[in-house]
Amino acid sequence: MNLLLNPGPVTLTTRVRQALLRPDLCHREPEFSELQSSIRDDLLRVYDLKPADWTAVLLTGSGTAAVEAMLTSLVTADGRVLILDNGVYGARMAKMATAYGIDHDTVTCGWGEALDIDAIKKQLQIRQYTHIALVQHETTTGRLNDLAAVAGLAAEHRAELLIDGVSSFAAEAIEFNDWPVAACAATANKCLHGVPGISFVITRKQALATGATRSVYLDLNTYETQQVAGGTPFTQSVQCCYALAEALTEFFDEGGWQARRSLYRQRMALVRDGLQSQGVEPLLADSACSCVLNAFQLPAGVTYTRLHDSLKAAGFIIYAGQGELASSIFRIAVMGALADSDLQRLVEEVGGILSRRS
Ligand SMILES: *Cc1c(COP(=O)(O)O)cnc(C)c1O
């Protein structure tokens, strides 16, 4: 069996995998209703959010479905979004806004670069925005964007944040109450260690009340109204819900998001230090990176394909760079069921591959 070091789906723990085998269930039966409600409650508990102010909406679909539901449901017809783009996922939100005809501007920075706070400031002075949409952890490069700085600007300019937290929810700090957050989109199969198929949006109730309807399947209001009443508008992926419920129980058993962040940081230090000792350099400084995923420079004389295939033969799945970074970097994520000894073996394997370079 391969160990997954890609940014989701993750290597499952035995208890989450076993949860997939629970009894067949109709999504219109009270047992599913209970399962769905317990997941929605638990998702709010991840960041201790009050059910009076916040609601968790569950969707069957990958992380992108949740991001698209968030953007299309929460920006009013006369709203305007400032989208911050320093990687694939920021750019994807701009594509969504274009596809749905949502009024927006984009502040674009180079992939790997930090968000340009001065450029954002300038843009906010030029035009009024109802929302600022940004990615917390830009998985393209492993960069952890400075949400606190953007939140400050948003508060100053009376804009609300729409956060793509798909690869950071449950492992990085998100100040839902202190920042002007309208919503955060995320998924079951990254830092929460569930299986792919279920994603969700944590939304401030007030933001839902003033939203818009641009889509039938992705309308958060439809989901929320029915989920609060114990139902679901469409068939949910029942088995994915079983797995997510178990993954959430395991997450709380292990100490919550801070514990998960510590665990990932410890694993990532092992990988970074180990690879550096083999002459493999990280793309970004440690302080700029998420705990979840780091990018590394492909060492001279080794193609990505060669590195990937050799590591796969040894039982590890690493991840390629996207777009212009495809030929220069590779990425390693440390989510899921991994042991320190696995990561030590990974480092040794990389050392072996490099020593066989011609
Ligand atoms: C993984 C990811 C997504 C969603 O990808 P899906 O393939 O749709 O699950 C969105 N944003 C970020 C930052 C991600 O890392």
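The model is predicted. The ligand sits in the largest pocket, where helices α3 and α4 each supply at least two residues of the lining.

**Around the ligand**
- The shell is made up of Ser62, Gly63, Thr64, Tyr89, Arg92, Val135, His137, Thr139, Asp164, Val166, Ser167 and Lys190.
- By class, that shell has three nonpolar, six polar and three charged residues.
- α3 (63-74) and α4 (88-99) each bring at least two residues to the shell.

**Polar contacts and cover**
- Gly63 takes part through its backbone, with a polar atom 3.0 Å from an oxygen of the ligand.
- Of the 390 Å² of accessible area that the ligand has on its own, the protein covers 84%.

**The largest pocket**
- This pocket holds about 290 Å³ of space.
- Its lining counts 22 residues, with Thr64, Tyr89, Arg92, Val166 and Lys190 nearest the centre.
- α4 gives the largest share of that lining, four residues.
- Nine lining residues are nonpolar, ten are polar and three are charged.

**The second largest pocket**
- Here the space comes to about 180 Å³.
- Among the 16 lining residues, Val46, Tyr47, Asp48, Trp257 and Gln258 lie nearest the centre.
- α9 (238-253) and α10 (256-277) are the elements that give two or more residues to this lining, and α10 gives the most, with three.
- The lining of the second largest pocket divides into eight nonpolar, four polar and four charged residues.

Technical notes: Residues are numbered from 1 along each chain as its sequence is written. This is a predicted model: local features need pLDDT of at least 70, side-chain atom pairs count only at pLDDT 80 or more; totals for chains, interfaces and linings use all residues. Side-chain values use heavy atoms; hydrogens and water are left out. A residue is near a molecule or strand if one of its heavy atoms lies within 4 Å of it. A polar contact is a pair of N or O atoms within 3.5 Å; within protein, one must be able to donate a hydrogen and the other to accept it, and residues adjacent in sequence count only if both atoms are side-chain atoms. Accessible areas come from the Shrake-Rupley method with a 1.4 Å probe; for residues, only the protein chains shown count as cover. On a 1 Å grid over the protein atoms alone, a cavity is a set of points where a 1.4 Å probe fits but cannot get out, and a pocket is an open set with protein on both sides within 12 Å along at least five of seven lines; lining residues have an atom within 4 Å of a point. A molecule sits in a cavity or pocket if more than half of its atoms lie within 2 Å of its grid points. Ala, Val, Leu, Ile, Met, Phe, Trp, Tyr, Cys and Pro count as nonpolar, Asp, Glu, Lys and Arg as charged, and the others, Gly among them, as polar. Grid points are joined across faces, edges and corners, and a volume is the space filled by probe spheres set on the points.
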